[in-house]
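Please examine the structure shown here. A set of questions and answers about its geometry is requested.

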Amino acid sequence: MAALCLLLACSAQAELKLFLKGTDPREISELQSLLVKDVGEELALTAVDSLEKADLAIIIGADVLRSLPEKRPPVLLLDPTPSSVPLQKSDGAVYWSPSLAAQLSLTRYLLPATNRIGMLVGNRSEDQSWLRVFKQYAAAQSIDVRIVEADPARLARQIAELATHCDVLLAQPDVTIYNRDTIRLILLAAYRQNRVLIGPGPAFVRAGSLASLYAPPARIAEAVAQSLRYFSRNERLPAPYRLKQFSVSLNAQVARSLGLTVPAVNELERLLRFEELPTWP
């Protein structure tokens with residue numbers, strides 16, 4: 001990536017040399033622009049084209065982090081959820097997907113009678129701990145969670161089988177299950193059983209999911225900016241953390257087609273008390 005001066009330095013500003021890497025150049029460009037807007041008066045940010053020149057690396061995606069050498073500057077990882085990718089002691093992370101607890105709260109405001117939830121999940125061993133915690137959390141609210149490990153060859157059948165045992169399907173941002181190749185298959189299988197899907201994000205909502213919480217790019221950039229300020233003051237990154245404030249994406253047409261009366265987006269965002277909800281699971 002060609003070096004890009006994000007902001008002209010002035011004597012009152014601390015300077016940070018950033019190495020940014022991800023799989024989507026548009027995401028990187030958007031993040032650069034938003035960071036200039038957020039910290040422009042406090043920090044002079046300069047993008048560099050190699051790790052060796054950087055004070056700090058901003059990495060979008062755990063898979064990209066895995067490709068980095070072991071000897072490197074501190075990394076701020078941006079990823080939907082915690083994963084098995086190892087972070088070094090000097091690294092930080094911003095996890096931007098809503099917790100299952102937050103998505104469950106959204107579900108209950110949309111569908112108050114819900115007491116059975118179905119989930120398709122991946123086969124990562126590290127997922128089992130948070131799934132157990134979520135089942136316990138939901139059970140404490142008198143909600144039963146049925147979990148099925150996804151089989152790519154049987155997704156439609158698995159959705160149909162889950163639908164017979166649940167009121168709502170809840171999806172997390174696992175791209176091995178929920179992606180542009182499976183989106184239509186999953187949604188059609190759910191609607192054939194007259195079941196709604198909550199999650200995993202705005203793209204699925206636009207395609208036919210009922211609703212989802214999500215973090216807009218500006219909110220993610222704000223969290224990154226806060227980490228940059230912390231790094232500038234303390235010469236280290238804050239501990240990895242998950243965002244707590246989210247927006248609501250709602251497909252009103254899907255609600256009408258299913259005969260559902262649901263609150264408006266601004267009312268849902270007022271009702272959801274994110275500060276009171278656990279960030280894990």
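This is a predicted model: local features need pLDDT of at least 70, side-chain atom pairs count only at pLDDT 80 or more; totals for chains, interfaces and linings use all residues.

Q: At what angle do the axes of helix H3 and helix H4 cross?
A: Two packed helices are described by the angle between their axes and the distance between the axes. Helix H3 covers residues 100-110 and helix H4 covers residues 127-139, and their axes come within 10 Å. The crossing of H3 and H4 is right-handed, and its angle is roughly 35 degrees.

Q: Which residues of H4 make the contact with H3?
A: On the H3 side, the contact is made by Leu100, Ala101 and Leu104. The residues of this contact divide into seven nonpolar, no polar and no charged. The H4 side consists of Trp130, Phe134, Tyr137 and Ala138.

Q: Are H1 and H8 roughly parallel, roughly perpendicular or oblique to each other?
A: Helix H1 (residues 25-39) packs on helix H8 (residues 217-234) with the axes 9 Å apart and at an angle of about 60 degrees. Angles under 35 degrees count as roughly parallel and those from 65 to 115 as roughly perpendicular. The angle between H1 and H8 therefore makes the two helices oblique.

Q: How many charged residues are in the contact of H1 with H8?
A: From H1, the contact involves Glu30, Leu31, Leu34, Leu35, Asp38 and Val39. These meet Pro217, Ala218, Ala221, Glu222, Val224, Ala225, Leu228 and Arg229 in H8. By class, the contact has 10 nonpolar residues and no polar ones, and the number of charged residues is four.

Q: Why is H5 described as roughly parallel to H6?
A: Helix H5 (residues 155-163) and helix H6 (residues 183-192) have axes 9 Å apart and pack at an angle of about 30 degrees. Angles under 35 degrees count as roughly parallel. H5 is therefore roughly parallel to H6, because the packing angle is about 30 degrees.

Q: Which residues of H6 meet H5?
A: The crossing of H5 and H6 is right-handed. H5 contributes Leu155, Ala156 and Ile159. The contact divides into seven nonpolar, no polar and no charged residues. Those on the H6 side are Leu185, Ile186, Ala189 and Ala190.

Q: What charged residue lines the largest cavity?
A: The structure holds one cavity of 30 Å³ or more, and about 50 Å³ of space lies in the largest cavity. Its lining comprises Ser99, Ala102, Leu243, Lys244, Phe246, Phe274, Leu277, Pro278 and Thr279. By class, six of these are nonpolar, two are polar and one is charged.

Q: What is the omega of the cis peptide bond that joins Trp280 and Pro281?
A: Pro281 is placed in the segment after helix H10 (265-271). The cis bond joins Pro281 to Trp280, and omega is about 5 degrees.

Q: What is the phi of Ser142?
A: Ser142 is found in the loop between H4 and strand E8 (144-149). Although Ser142 is not a glycine, its phi is positive, at about 65 degrees.

Notes:
Residues are numbered from 1 along each chain as its sequence is written. Side-chain values use heavy atoms; hydrogens and water are left out. Axes are lines fitted to C-alpha atoms, for helices over the stretch in contact, and angles run from 0 to 180 degrees between N-to-C directions. Helices (H or I, at least four residues) and strands (E, at least two) are DSSP runs, numbered from the N terminus. A crossing is left-handed if the near helix is turned anticlockwise from the far one by less than a right angle, and right-handed if clockwise. Contact means heavy atoms within 4.5 Å. Ala, Val, Leu, Ile, Met, Phe, Trp, Tyr, Cys and Pro count as nonpolar, Asp, Glu, Lys and Arg as charged, and the others, Gly among them, as polar. Angles under 35 degrees count as roughly parallel, over 145 as roughly antiparallel, 65 to 115 as roughly perpendicular and the rest as oblique. On a 1 Å grid over the protein atoms alone, a cavity is a set of points where a 1.4 Å probe fits but cannot get out, and a pocket is an open set with protein on both sides within 12 Å along at least five of seven lines; lining residues have an atom within 4 Å of a point. Grid points are joined across faces, edges and corners, and a volume is the space filled by probe spheres set on the points.
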